[in-house]
Amino acid sequence: MNILKEKKTLNLKVCGMREAKNIEDLQMVNPDFIGFIFYPFSPRYVKKNEELERIQSYLSQIKKVGVFVDTSVTEIKKKVAEYHLDYVQIYTKDVLFCKKLQEENIKIILTIPIETGEELEYVEVFSDIVDYLLFDTKTAGYGGSGKKFNWSLLENYSAKIPFFLSGGIDIEDIDSLKKMKNPYFFGVDVNSKFETSPGMKDIAKLIAFKNNLVF
């Protein structure tokens, strides 16, 4: 009797998109999520323009994520409506802030910067509030370091919230990603390692990467 091994396909989130033509070309990759950064100090900051309005129709099959830092609930609600966002990605430890977004029917990806693994101890309180966690490398700023943290720290993760892995992920990391057995490992978030310049993604490299996310 042949027993087929069940395959797992990781979800792909491509963050830091900004240029209209590049976003149109992203259809060839067909990622599961696309991230727009609304943090003014990021080199990938999205400014409102007619081109981005025009390409909304190209993104109907891709879940749109807005990335926010130190932004009010009111402003986040405005951007969710303006860009037809499916999720917001935020940096906070404030449970009440997350609950306020939840009360507005806004779906949440909560970023958890990781350094020692102790950061995993407090995430349980978000179990009934956020939809996903995103584990990134802890830096002095807000992500974007292009560096990895020690992924083995996630062996102790047991909060039962599906999570994205982020932080310097490159196409050479496929084998290491395949070795991660946590059942809540939901997807990968890629950015700078797949760029030709800030905000401009290498479409061919992304296609090659996505084709290898089936384990």
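Lys and Arg count as positive and Asp and Glu as negative, while His and the chain ends are not counted; the place of a charge is taken as NZ of Lys, CZ of Arg, CG of Asp or CD of Glu. On that basis the chain carries 30 positive and 31 negative side chains, and the centres of the two sets lie 2 Å apart. The model is predicted: local features need pLDDT of at least 70, side-chain atom pairs count only at pLDDT 80 or more, and totals for chains, interfaces and linings use all residues. Residues are numbered from 1 along each chain as its sequence is written, and side-chain values use heavy atoms, with hydrogens and water left out.

**Overall architecture**

- The chain contains 6 helices and 10 strands, where helices (H or I, at least four residues) and strands (E, at least two) are DSSP runs numbered from the N terminus.
- The radius of gyration is 17 Å, close to the 17 Å that the globule rule gives for 215 residues, so the chain is as compact as a globular protein of that length. This radius is taken over C-alpha atoms, and the rule is 2.2 Å times the number of residues to the power 0.38.
- Along the principal axes, the C-alpha atoms fill a box of roughly 55 × 40 × 35 Å.

**Burial, surface and contacts**

- Of the 215 residues, 49% count as buried; buried means under 20% relative accessible area, exposed over 50%, and partly exposed in between (1.4 Å probe, protein chains only).
- The accessible surface comes to about 11,200 Å², and 48% of it belongs to carbon and sulfur atoms. Accessible areas come from the Shrake-Rupley method with a 1.4 Å probe, and for residues only the protein chains shown count as cover.
- Among contacts (heavy atoms within 4.5 Å) between residues at least 6 apart in sequence, 59% join residues at least 24 apart.

**Buried residues in strands and a helix**

- Thr-111 belongs to strand β5 (residues 108-114) and is buried, with a relative accessible area of 2%.
- The side chain of Thr-111 makes a polar contact with the side chain of Gln-89 at 3.2 Å. A polar contact is a pair of N or O atoms within 3.5 Å; within protein, one must be able to donate a hydrogen and the other to accept it, and residues adjacent in sequence count only if both atoms are side-chain atoms.
- Apart from neighbours within four places in sequence, Thr-111 is in contact with Gln-89, Ile-90, Tyr-91, Leu-134 and Asp-136.
- Phe-164 lies in strand β7 (residues 163-165) and is buried at 0% relative accessible area.
- Residues up to four places away in sequence aside, the contacts of Phe-164 include Phe-33, Ile-109, Tyr-132, Leu-134, Phe-186 and Val-188.
- Phe-164 and Tyr-184 are 20 residues apart in sequence, with their C-alpha atoms 8.9 Å apart in space.
- Leu-101 sits in helix α4 (residues 95-103) and is buried, its relative accessible area being 0%.
- Not counting residues up to four places away in sequence, Leu-101 touches Val-73, Ile-76, Val-88, Ile-90, Ile-106 and Ile-108.
- Leu-101 and Leu-85 are 16 residues apart in sequence and 13 Å apart from C-alpha to C-alpha.

**Positive phi angles in loops**

- Asn-30, although not a glycine, has a positive phi of about 55°.
- Asn-30 lies in the loop between α1 (20-25) and β2 (33-37) and counts as partly exposed at 41% relative accessibility.
- His-84, a residue other than glycine, has a positive phi near 55° and is placed in the loop between α3 (73-83) and β4 (87-90).
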